[in-house]
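The following explanation guides a reader through one protein model. Please keep the sequence and the structure in view while reading.

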Amino acid sequence: MGRAFEFRKARKFKRWGQMAKTFTKIGKDIVIAVKSGGPDPHSNSRLRAIIQNAKAVNMPKDNVERAIKKASSKEQEDYKEIVYEGYAAHGVAVLVECTTDNTNRSIANIRSHFTKCGGSVGTTGMLDFIFERKSVFKIAKTAEIDVEELELELIDYGADEIFLDLETNQVNIYGEFTAFGAIQKFLEEKGFELLGADFERIPNDTKELSEEQMADVEKLIERLEEDDDVQNVYHNMK
C-alpha cells in the first residue's frame, strides 16, 4: 500500500455527504458522457461506469434514465469541465474541478471563496507538479480474488497500485489516467463486481498542519464543496 492509500486515509474533507448534491454531480457526469459518447451504455464505456457509480450511491434507476434521456435532447444545455487551481491559507495546494454552463459565474464564485478564506486562485497548470491524475476502480472482494495475483495481471493494463480496503472490504485499483478504458474492459470481461469507477488527483507531496491551521483550510474546502458548479475538490493537506 503506497501513496494513494495514505492519501485516501488522510483526507479531511467531506465526500458528497448530501444525497441531492451527489445525484446532481452524477447527473452532470451523465450529460457530459452522453454528449461525448452517445446514450447507449453498451457502446459508451464512460457512461457505463457512471451508471455503476449511480447504483453505488442508490440513485434511483428512473433518475438515471431521465438524465440520459434529457442529455440526449436538444434542450439540454452544454456543460464545460473546468479546473481551477490555487493555494489556500498556510500554503496548501487546492485543485477544484467544476462542471458549469456559465464559466463567468464559476470563476467569480471560486475566486470569492478563495479570497474570503485567505487563499488565492492561480493559473492553469500551476499545480501539475503536485497532483497526478489517476484512474480509480473499486471492486467487491471475494474469496476467489487474490490481490497480489490481480495486481500482476493488471500491471499490463496500466494499473500501478492495488490494495484491499479493510474497512469496506473493497479492492481499490489505481492506474494511469490514460489506462481507464483498458482497466475497465479487463474488469468487465473477467466478471468482477464493479462498485465504482472514476478519476482522482493524488498529491505527490502532502503538507502537515496544526489543528488550527487545518481548520482554516477546511473552511475553504467546505465553501467550495457547497458550490453548485463544483464537482470535486482536491488538496495536499495531510
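**Two loops and a sheet**

His90 is located in the loop between S1 and S2; helices (H or I, at least four residues) and strands (E, at least two) are DSSP runs, numbered from the N terminus. The model is a predicted one, in which local features need pLDDT of at least 70, side-chain atom pairs count only at pLDDT 80 or more, and totals for chains, interfaces and linings use all residues. Residues are numbered from 1 along each chain as its sequence is written, and side-chain values use heavy atoms, with hydrogens and water left out.

Although His90 is not a glycine, its phi is positive, at about 65°. His90 counts as partly exposed because its relative accessibility is 33%; buried means under 20% relative accessible area, exposed over 50%, and partly exposed in between (1.4 Å probe, protein chains only).

Asn169 lies in the loop between strand S5 (159–165) and strand S6 (170–176). Asn169 is not a glycine either, yet has a positive phi of about 55°, and its relative accessibility of 42% makes it partly exposed.

Attention now turns to the sheet. Strand S2 (residues 93–100) is joined to S8 by 5 bridges in the antiparallel sense, and Leu95 has Tyr234 in S8 as its bridge partner.

Note on methods:
Two strands pair if DSSP finds at least two bridges between them.
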